[in-house]
Amino acid sequence: TATSPAFLRRIDGDGTADQAIPINLPSALNPTPSRDGRRLLVTSPDPARPFQMSQNVFVIDFVTGTLGRATTYQDESVVDGVLFRSDLAQRLGDNRISSYKLHNPIHKAFSPEGGRVVVMNVFKSGIVFNPADVQSASGRFPIVDVFNLGNAAPAGPYVFLSPQERDGFNQGGDGVDWHPALNEVVATVASDIPAVGTGGRTSLEGTVLAVFSTASISPFIRKLTNPVGQADAFFDISTLIATTVTPHDYAPTVSPDGTRVAYVRHFLRQDTRFDGAGIAPLPSICSIRVINYNGTGDREVLRLNEGLWVSRVTWSPDGSQIAFDTAPQAVLNGWNSLLGDVTRSSISVVNADGTNPRALVAPPASYPSWAPGLSVATPTPVLSITSDGSQFTLRIDQLVPGTPFSVDGATRLAGWGSLGTFTAAGVTHFITITPDAGTPVAFYRIRL
């Protein structure tokens with residue numbers, strides 16, 4: 001939020017070398033790295049548009065230090081029958097607004113070649129609009145978009161996952177990942193699932209993982225997970241009791257070799273003895289699971305204690321471990337929400353076979369992504385010089401921000417002297433030089 005922003009940090013896989021990653025964004029959410037570790041996708045409000053309520057995805061290049069856009073979402077509103085894409089916060093209080101749309105692209109992933117990004121955009125759309133409150137009378141609907149990273153332009157039509165609204169009873173739109181070698185993505189979809197039990201119900205509203213093509217006019221390929229719910233009814237003396245246990249699969253992440261998918265299954269439990277009507281969810285039960293990419297071998301890796309929530313799981317680069325966050329389930333107005341309390345969230349690691357679960361980062365820490373170290377060479381700095389009257393401006397490009405370097409000068413190549421030691425604040429650094437009067441020639445160099 002504006003008063004409690006998210007900060008980006010990195011830590012080694014053994015829990016050491018925890019440090020901040022400076023980034024010029026108001027709040028960097030859900031970091032998602034490229035497979036070589038060079039670039040990172042984050043979701044944030046646009047720092048250049050403080051009145052825009054939609055968020056966008058930005059991409060950071062750790063080698064060059066550059067920050068660019070990956071998506072181009074804008075607020076939308078209809079005023080007197082005319083569609084506007086101006087920032088919605090500037091229009092609050094306008095009673096002529098009849099509908100609006102906001103974008104929230106939290107989940108995303110790089111394509112195999114690294115030139116595109118897939119985004120799970122849970123857009124919020126409202127028809128009945130309270131001018132003072134954009135939260136009222138709104139529905140949330142997930143779609144999958146693909147963008148070209150070169151120009152942040154859409155790379156084909158979006159995939160509308162389901163007409164099912166994302167509400168307090170399903171986790172549709174909660175996670176997406178791109179296969180490391182195929183033009184296929186795994187996405188979270190709200191769906192009816194089969195139910196067994198004595199309650200007489202044959203289906204429940206759950207959430208499954210499905211595979212979609214990013215290179216076909218018929219994107220749906222197949223369901224990946226096939227959970228089954230439980231609905232029972234029985235009498236306790238003279239009182240009819242009804243209970244349901246509905247699986248919700250979400251937060252998919254494809255293994256580095258593309259053979260497995262790790263994900264979270266949340267059991268949404270409802271019981272008429274809990275609230276009288278059997279509507280309000282009981283405290284959560286979440287488990288981390290792994291399934292083969294072909295849909296076989298679905299198995300539980302680790303089940304968490306009641307009331308703990310997992311937002312994200314991520315593979316280690318060698319596929320031997322899974323990192324995940326856990327937080328006490330957020331209770332909103334007495335309702336067990338489908339969220340964790342990020343202020344009390346921590347990050348842990350477990351072996352892919354379920355052994356040796358252990359803590360990695362203490363609270364508050366959430367949304368882990370695991371990437372290898374930089375696999376690209378540090379760029380060679382480029383030196384140039386321009387004259388400005390009696391002074392010269394020395395320009396050094398292609399620096400890695402935070403890198404210390406020294407600048408030397410000489411009037412003959414055998415006699416260098418130091419002009420100072422500096423730390424690169426960005427990819428480009430400027431130094432002003434005033435040469436000695438009457439010096440016919442001078443040489444300059446930098447040392448890393």
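One helix and 34 strands make up the secondary structure of this protein, seen here as a predicted model. Along the principal axes, the C-alpha atoms fill a box of roughly 105 × 60 × 40 Å. Of the 448 residues, 46% count as buried, and the accessible surface comes to about 21100 Å². Carbon and sulfur atoms account for 54% of that surface. If you look at contacts between residues at least 6 apart in sequence, 52% of them join residues at least 24 apart.

S77 stands opposite F84 in β8, while V79 stands opposite I97 in β9. Two residues lie between the strands in the hairpin of β7 and β8, where D80 takes a positive phi near 55°.

The hairpin of β21 and β22 has six residues between the strands, and G295 adopts a positive phi near 95° in it.

Charged side chains deserve a stop of their own. A search of the whole structure finds 16 salt bridges. One of them joins D249 and R265, whose closest N and O atoms are 2.6 Å apart. This pair links distant parts of the chain, with D249 in strand β19 (residues 239–254) and R265 in β20, 16 residues apart. Both ends are buried: D249 has 0% relative accessibility, and R265 has 9%, each value being under the 20% cut-off. D249 and R265 also belong to a network of salt bridges that includes R289, D298, E300 and R303.

Two other salt bridges are worth a look. R10 and D12 form a salt bridge with their closest N and O atoms 2.6 Å apart. Here R10 is partly exposed at 31% relative accessible area, and D12 is partly exposed at 29%. The side chains of R116 and E113 meet at 3.0 Å, N to O, and R116 is buried with a relative accessible area of 16%.

The tour ends in the region of strand β29 (residues 382–388), which contains L383. At 35% relative accessibility, L383 counts as partly exposed. Leaving aside residues up to four places away in sequence, L383 touches L394, R395, I396, Y444, R445 and I446. Y444 is 61 residues from L383 in sequence, yet their C-alpha atoms are 8.9 Å apart in space.

V441 sits in the loop between β33 (429–433) and β34 (443–447), and is partly exposed with a relative accessible area of 40%.

How values were computed:
Residues are numbered from 1 along each chain as its sequence is written. This is a predicted model: local features need pLDDT of at least 70, side-chain atom pairs count only at pLDDT 80 or more; totals for chains, interfaces and linings use all residues. Side-chain values use heavy atoms; hydrogens and water are left out. Helices (H or I, at least four residues) and strands (E, at least two) are DSSP runs, numbered from the N terminus. Buried means under 20% relative accessible area, exposed over 50%, partly exposed in between (1.4 Å probe, protein chains only). Contact means heavy atoms within 4.5 Å. Two strands pair if DSSP finds at least two bridges between them. Accessible areas come from the Shrake-Rupley method with a 1.4 Å probe; for residues, only the protein chains shown count as cover. A salt bridge is a side-chain nitrogen of Lys or Arg within 4 Å of a carboxyl oxygen of Asp or Glu.
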